[in-house]
Amino acid sequence: MRDFLFALLTVLFLQAPAQSPCEGTAAFEVLHFTKTNGFNHNTRDESAQLFSNIGDTSSFTIVDTEDASAFDDLSVLEDYEVVIFSNTSGNNLLNATQQANLEAYIDGGGAFLGIHAATDTYRNGSWPFYNDLVGAIVQSGPNHTSANHMNFMDQIEPDHPTLVGIPDPWEKREEYYYWELNGGQLSPNIQELLRVRQTGSNSYDEERTITWYQEFGNGGRSFYTALGHHQSDYLGSDQNNAVYFQQLLANAVCWCAGSGPNVVSVVEINLQIESLGSTDQLNWHWPGYVPERVEIYAGTDPIEAEIVDVLIGSEARNRSWSGDRPRGSLHQDYYYRLGFYDTDGVSTFSPWVRIDPLVSTGPQLLTDQSGNRELIIPMDSRVTEAHIFDVFGRLVGSFRTSAGRNPLNTDGLYRGTYTIIFDREDVAALRFTKH
């Protein structure tokens, strides 16, 4: 018996954005505001550096501040093409004059870009204009999922320019906000861009919008994304969690400024993964792309994953790799990412691909890799009693399993089909045939 864990995935590898300005705009300035009177995500420097980096190739410069005096003078405020509230939080960030100036700026056709905790700003409802501008108030008790919740987001308006280069669906590790209860709200005027799939069993865990935009009759614009909790989102190199997020913000600031985003080049690469026991086989192919070097990244956590192999020259063009996982990783989520380098040294990184643990849907039967066809049951740390029944429902044997690879002794069993039932309801039954 030889059962494979097999996954066929089509992923989009995106090369770096073209080094060109936001389309159709002259040089402009952006106000990057990060004041907090509540929770501090400590992303000020990272966010400022990200927008500065984007500006270097998109014809804008940023003024970075957490000082509300930046809103003292309307004439100065009107010099900015976009005002960014990056992980601001709490109430009373601006005084009455400063609030009036921001309102006048938006009413005059200005643009607003809010990131993550911007909906945790003026959550007490003391400035309704701002709540409508950003488009929501995050609920309290609880505010969000765990900080490292992994889930997929689906595009609702895939042709919108802010989604150029963003995969559909997009799987990201994030602290996903809730909007339903305890003071939370969503404006009826927002236009959805990204919607996260169900994140749990509560009513507020239902699939919900996570990124949106608004266009106002006076020419003003507003863009908001609830993504951006982690410092690593802003300057990190992880494709799903950072690079796509950075691309989203690059698209967003250009759209807010009234232009199109930088164009990204897309190469579709098919990746197949076969897993047998502790050995994984990766196979890939692509149209019209010849790598000079391929780096294999792997680990139980993308943040701490390391390069496990480097393929050079003909090996890189072989489009195949096989390797054993480290001891102890068989019963955990495991991740792979490929890094490609062409003859000019240009790099292209795949998204992380997650391989579920062998026990994610119950134990599986594997053949021993030595070829003696012994049946193996990989199990996690749950010590489980198991019972073997024949096709007539008669108990013909019992045994216990422990963490690791458990040989299944079929001595004394006649030829036929048998079912293994485990004493935990969350462990699926197995069926095997003795020849």
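Glutamate 174 is buried, its relative accessible area being 0%; buried denotes under 20% relative accessible area, exposed over 50%, and partly exposed the range in between, with a 1.4 Å probe and protein chains only. The structure is a predicted model, in which local features need pLDDT of at least 70 and side-chain atom pairs count only at pLDDT 80 or more, while totals for chains, interfaces and linings use all residues. Residues are numbered from 1 along each chain as its sequence is written, and side-chain values use heavy atoms, with hydrogens and water left out.

Strand β8 (residues 170-174) contains glutamate 174; strands (E, at least two residues) and helices (H or I, at least four) are DSSP runs numbered from the N terminus. Not counting residues up to four places away in sequence, glutamate 174 touches His116, Thr145, Ser146, Ala147, Asn148, His149, Ala226, Leu227, Gly228, His229 and Asp233, where a contact means heavy atoms within 4.5 Å. For His229, a distance of 3.2 Å separates the backbone nitrogen from a polar atom of the glutamate 174 side chain.

## Salt bridges

A salt bridge is defined as a side-chain nitrogen of Lys or Arg within 4 Å of a carboxyl oxygen of Asp or Glu. By this rule the model has 13 salt bridges. In the pair formed by aspartate 280 and arginine 325, the closest N and O atoms are 2.6 Å apart. This pair links distant parts of the chain, 45 residues apart: aspartate 280 belongs to strand β14 (residues 279-285), and arginine 325 to the loop between β17 (320-324) and β18 (334-341). Aspartate 280 counts as buried because its relative accessibility is 0%, and arginine 325 counts as buried at 7%. Salt bridges with shared partners also join Lys172, Glu174 and Asp233 into one network.

Arginine 123 and aspartate 120 form another salt bridge, with 3.1 Å between the closest N and O atoms. Here arginine 123 is partly exposed, at 31% relative accessibility, whereas aspartate 120 is buried, at 16%. Aspartate 390 and arginine 394 meet through their side chains in a salt bridge of 2.8 Å, N to O; aspartate 390 has 12% relative accessibility and therefore counts as buried.

## Phenylalanine 71

Phenylalanine 71 is placed in the loop between β3 (60-65) and α2 (74-77). With a relative accessibility of 0%, phenylalanine 71 counts as buried. Apart from neighbours within four places in sequence, its contacts are Leu31, Phe33, Leu77, Val83, Phe85, Leu94, Gln98, Asn101 and Leu102. Leucine 102 is 31 residues away along the chain, yet its C-alpha atom is 6.9 Å from that of phenylalanine 71.

Arginine 354 is situated in strand β20 (residues 353-355) and is partly exposed, with 31% relative accessible area. Once neighbours within four places in sequence are set aside, arginine 354 contacts Met150, Glu171, Asp333, Tyr334 and Tyr335. The C-alpha atoms of arginine 354 and tyrosine 334 are separated by 5.6 Å, although the two residues are 20 positions apart along the chain.

Ile307, Val310 and Ile312 make a nonpolar surface patch of about 240 Å². Patches consist of residues with over 30% relative accessible area and no salt bridge, like charges being joined within 9 Å and nonpolar side chains (Val, Leu, Ile, Met, Phe, Trp, Tyr) within 5 Å. Isoleucine 307 lies in strand β16 (residues 306-312) and counts as partly exposed at 42% relative accessibility.

## Whole-chain properties and confidence

The protein comprises 6 helices and 27 strands. Of its 435 residues, 51% count as buried. Among contacts with a separation of 6 or more, 68% are between residues 24 or more positions apart. The accessible surface is about 19,000 Å², and 46% of this area belongs to carbon and sulfur atoms; accessible areas come from the Shrake-Rupley method with a 1.4 Å probe, and for residues only the protein chains shown count as cover.

The average pLDDT (the predictor's confidence in each residue, from 0 to 100) is 82, and 79% of the residues score at least 70. Residues 1-21 have pLDDT below 50, and this stretch has 80 contacts in the model beyond near neighbours in sequence. Residues 368-373 also have pLDDT below 50, with 9 such contacts.

Technical notes:
Polar contact = N/O pair within 3.5 Å; in protein donor to acceptor, adjacent residues only side chain to side chain.
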